[in-house]
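Biologist: I would like to learn how to read a few features of a model like this one. Could you take me through them step by step?

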Amino acid sequence: MVDVSNFHLQPSPLDKGLGILPATGAIPSWNLLAEELSLPVAVLYEQKLAHNLAWMQGFVDAYGLKLAPHGKTTMAPKLFQRQLDGGAWGITVATAQQALVAFRHDVPRVLMANQLVGRRNLELVSEMLTEGQDRFSFFCLVDSPDAVSLLGRFFEARRQSIEVLLEVGPAGGRTGVRDATQEAAVLSALQTWRKTVRLAGVELFEGVLKEEAEIRALLRRAVGLLGQLVQGGHIQRNPPILTGAGSAWYDVVAEEFSKAAKPVELVLRPGCYLTHDVGIYRTAQALIEARNPVAQRMRGGLLPAMHLWAYIHSIPEISKAIVGLGKRDAAFDAGYPEPALHFRPGLHDAPQPAPPHWKLTALMDQHAYLQIEASDDLRVGDMLAFDISHPCLTYDKWRQIPVLDGEYRVIDLIQTYF
């Protein structure tokens, strides 16, 4: 059983209470199949993590691009560091608090794929820039004159400057300038605040679109816009940055970005590849491998690297079992968890594949309804492993996640900082 009493808060002058770390630094040698972990529990598998890290870095390298994985997926600094050690350029975040977690764990470049708004958020970034000085780079997005002016006034008063990316977006989408008129208005504001708000490049998020033709059109617009900005003397960073790509269309982004005039730092930001899943991202990855020649040449594809393990608590009807896992434990926005493995302590030597007819039909806070058949050999106390769809909304439900080796032994413990 995991004993959380040996964890303590690690204070910091900038962010008291953000971190939880092992008091001794030692990783207990628990074994999942020996029931030495308290279930339900989310686990990661080391071999699959290592494979996914190498696979995505290899894909990016093949296009001559750089990788800034979206840290909001895991919010796990140990995993950030593994991505950086594997060749990542930086880490992407969505909020100032997430940026602070990355900064506190020595991430050298943080790209906040969002607008920076609000006094305390501005203060946090200012404090990071002051403390980080020459060892830390931070970028955020702007898509309006108001956003530029807000940043300009704040950082001018502090005698600082901030690097920003001009965000482009499609009509009906999320944030981002929609047309040339809006672009011109933002550029005018950037000229006014040129000494304080420094334009470093162009950003987009293609995931709000569903059709490949629309996505390619948005990407080509961004590539063309960056060229115009460079020629017009608007960019204040050398080389400029061009960045996009979530986890579903990163191959299309790589293809279109690779056509940009050099020199330019081309940065992809997928987040879910590290864990992957058997749901929405398995479907997206299958499409990538079908259409992209680089992905087709690479071995193995991406592998689902997370399971949720739980016990059978009750079998009140011949066609229904109740599992000790619920909405508090797993994402359910993109489909319920899917039974993958079955293990009976004291009987099985290793987990067995779950029958394909086992399906979750409902989730409550801490319980799941499992559809079974009368002939199934299932007992109270049996252990089931579940695959997930959408890693982002599963990671945020766990403060500590064990990493297991091929024998289901704990070899590391990942801390999350949500």
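Modeller: Two notes on the ground rules. This is a predicted model, in which local features need pLDDT of at least 70 and side-chain atom pairs count only at pLDDT 80 or more, while totals for chains, interfaces and linings use all residues. Residues are numbered from 1 along each chain as its sequence is written, and side-chain values use heavy atoms, with hydrogens and water left out.

Biologist: Then let me try the word out: is R237 buried or exposed?

Modeller: R237 is buried, at a relative accessible area of 18%.

Biologist: How many salt bridges does a search of the whole structure find?

Modeller: The general idea is that side chains of opposite charge can pair when their charged atoms come close. The cut-off for a salt bridge is a side-chain nitrogen of Lys or Arg within 4 Å of a carboxyl oxygen of Asp or Glu. The whole structure has 22 of them. One is between E265 and K66, at 2.7 Å from N to O. E265 sits in strand β11 (residues 265-268) and K66 in strand β4 (residues 66-67), so this pair links parts of the chain that are 199 residues apart. Helices (H or I, at least four residues) and strands (E, at least two) are DSSP runs, numbered from the N terminus. E265 is buried at 9% relative accessibility, whereas K66 is partly exposed at 32%.

Biologist: Which residue does R216 meet in a salt bridge?

Modeller: Its partner is E256, at 2.7 Å from N to O. R216 belongs to helix α7 and E256 to helix α8 (residues 250-257), so the bridge ties together parts 40 residues apart in sequence.

Biologist: Now the strands: which strand joins β3 (residues 41-45) through four bridges?

Modeller: Two strands pair if DSSP finds at least two bridges between them. The partner of β3 is β12 (residues 306-317), and the two run antiparallel. Here L44 stands opposite M306 in β12. Strand β12 also pairs with β18 (residues 383-387), antiparallel and over four bridges, where A310 has L384 as its bridge partner.

Biologist: How does the length of helix α4 compare with what its 14 residues should span?

Modeller: The expected span is 1.5 Å times one less than the number of residues. For α4 (residues 119-132) that gives 20 Å, and the end C-alpha atoms are 20 Å apart, which agrees. Its buried residues, among them L122 and M128, pack against α3 (96-104), β7 (137-142), α5 (145-157) and β8, where contact means heavy atoms within 4.5 Å. Just after α4, Q133 takes a positive phi of about 45 degrees.

Biologist: Last one: how many disulfides does the structure hold?

Modeller: A disulfide is a covalent bond between the sulfur atoms of two cysteines. The cut-off is a pair of cysteine sulfur atoms within 2.5 Å. The structure holds zero. For C272, the closest cysteine sulfur, in C392, is 3.7 Å away, too far for a bond. C272 is buried, at 4% relative accessible area, and C140 is buried at 0%.

Note on methods
Buried < 20%, exposed > 50% of the residue type's maximum accessible area, 1.4 Å probe, protein only.
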